[in-house]
Amino acid sequence: MEKIKNENAAGAADPAFAAAEKLIRTHSLSVPEYAALIEGRTPDITERLKKEAVKLRKEIYGNAIFIRGLIEVSNICRNDCLYCGIRRSNRNCDRYRLTRDEILSCAEEGYGLGFRTFVMQGGEDPFFSDDVLCGIVSEFKKRHPDCAVTLSMGERSRESYERLHAAGADRYLLRHETADPVHYGKLHPKEMSFENRMNCLRQLREIGYQVGCGMMVGSPYQTVMNLAKDLKFIEEFRPDMCGIGPFIPHKDTPFKDEPAGTAELTCFLLSVIRLIHPRVLLPSTTALGTIDPFGRENGILSGANVVMPNLSPVSVRKKYELYNNKIYSDAESAQRVARLKERMEAIGYEIVTDRGDIRRAPLS
Ligand code: SAH
């Protein structure tokens with residue numbers, strides 16, 4: 001492929017073009033180079049990175065898109081993250097918690113639809129003690145040893161992560177939210193700490209989970225430098241999964257009047273992350289689908305390779321409202337999976353229903 005011109009109109013070497021070429025060649029940039037790439041991105045650079053990202057993903061994963069059944073187990077949360085609609089100080093949030101049987105039956109339904117990975121996500125609800133959660137995970141694994149269980153239940157103790165792993169949990173998603181401690185402090189209440197979040201991620205890795213980190217794009221106070229640090233952190237931490245999506249304000253939070261992140265920057269960063277870690281499992285998120293009706297497709301076309309349809313009972317789907325206008329559907333899961341298959345096929349991709357583990361070797 002022809003290189004894009006490494007010069008701007010004045011003929012001087014352009015740092016963003018140079019960074020793009022270096023990223024393609026070496027899969028690594030310095031923090032200032034990531035910042036220059038983000039700041040100086042042009043439609044040409046975006047196109048170039050997108051093509052390279054899609055090419056790399058094709059070499060490793062073909063045209064396979066993995067699906068994960070998302071079960072939103074509870075919107076009860078002891079934390080008070082300033083951006084999040086289910087924060088504990090939001091009195092307008094209609095709280096719910098699924099029972100063990102409801103969770104297991106959502107998963108059962110998903111299994112019948114071909115899902116082989118389930119993500120249990122929720123607020124930090126004290127009801128889900130280690131005993132309760134281990135019981136659910138081990139029962140599920142007993143019924144379906146061919147499936148992967150992913151947890152996304154926030155910050156817990158090392159001992160808790162160890163017990164859950166021993167009970168059969170394979171993967172853990174815990175977005176780092178921002179790799180800059182000062183920025184972290186502006187998004188979270190005083191009692192939460194950047195150090196603890198990062199420690200949790202390291203512990204999860206040590207225990208043997210496949211680990212996912214990630215951040216919101218366009219969160220309040222976020223600078224280009226913050227995003228550059230996020231990318232460097234992703235490069236160095238080498239997560240197995242990486243969840244990024246635009247920040248979207250929620251009306252009952254202190255950030256209600258803040259602007260949302262853009263689909264354009266989110267998709268650009270998806271391409272960059274694919275180039276940093278060609279094998280990473282990269283979801284095209286619900287938040288991206290919320291700010292742009294074609295967002296989920298655009299995410300895939302930029303380098304993502306995972307979608308996470310909602311398997312929660314229809315009656316609670318609307319209540320897990322992290323941000324305003326979160327897309328949800330009253331349709332039964334079966335109809336929605338069929339529709340998702342069509343949408344992915346329409347852009348040349350195929351939903352596959354295996355566990356969708358990270359591929360360590362290229363397709364032969
Ligand atoms: N309690 C779990 C799950 C949190 S919800 C945990 O701490 O990991 C999952 C993710 O949704 C969060 O990590 C955050 O990045 C994202 N999120 C929360 N509020 C959001 C908002 N207003 N806009 C976009 N994404 C948001």
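Predicted model: local features only at pLDDT ≥ 70, side-chain atom pairs only at ≥ 80, totals over all residues.
**Exercise 1: helix H14**

Work out what span the 14 residues of helix H14 (residues 333-346) should have, and which residues of H14 are buried.

*Solution.* Start with the length. The rule is 1.5 Å times one less than the number of residues. For the 14 residues of H14 that gives 20 Å, and the end C-alpha atoms are 20 Å apart, so the two agree.

Next, burial. Ser333, Val337, Leu340 and Met344 are the buried residues of H14. Look down the axis of H14 and these buried residues fall within an arc of 60 degrees, so they line one face of the helix. Turned away from that buried side is a face with the exposed residues Gln335, Glu345 and Ala346.

Now ask what does the covering. The elements over the buried residues of H14 include strand S1 (64-67), helix H4 (100-112) and helix H12 (295-302). Strand S8 (306-307), helix H13 (314-317) and strand S9 (350-352) are also among them.

Finally, check what comes just after H14: glycine 348 has a positive phi of about 90 degrees there.

**Exercise 2: strand S3 and its partners**

Find how many residues of strand S3 (residues 117-122) are buried, and which strands S3 pairs with.

*Solution.* Count first: 6 of the 6 residues in S3 are buried.

Now the pairing. S3 pairs with strand S2 (residues 69-74) in the parallel sense, over 5 bridges. Within that pair, glutamine 121 of S3 is the bridge partner of glutamate 72. To get from S2 to S3 the chain passes through H4, and this β-α-β crossover is right-handed.

Strand S4 (residues 148-152) also runs parallel to S3, joined by 5 bridges. Here methionine 120 has leucine 151 in S4 as its bridge partner. The chain goes from S3 through helix H5 (residues 130-143) to S4, again a right-handed β-α-β crossover.

**Exercise 3: isoleucine 300**

Is isoleucine 300 buried or exposed, and which residues does it touch?

*Solution.* Locate it: isoleucine 300 lies in helix H12. The cut-off for buried is under 20% relative accessible area. Isoleucine 300 has 0%, so it is buried.

For its contacts, leave out residues up to four places away in sequence. Isoleucine 300 then touches Arg57, Ile65, Ser284, Asn305, Val306, Val307, Met344, Ile347 and Tyr349. Met344 is also one of the buried residues of H14.

Methods. Residues numbered from 1 in each chain as written. Heavy atoms only, no water. Helix = DSSP H or I, 4+ residues; strand = E, 2+ residues; numbered from the N terminus. Buried < 20%, exposed > 50% of the residue type's maximum accessible area, 1.4 Å probe, protein only. Arc of directions from axis to C-beta. Contact = heavy atoms within 4.5 Å. Pairing = 2+ DSSP bridges. Right-handed = clockwise from strand over helix to strand, strands pointing away.
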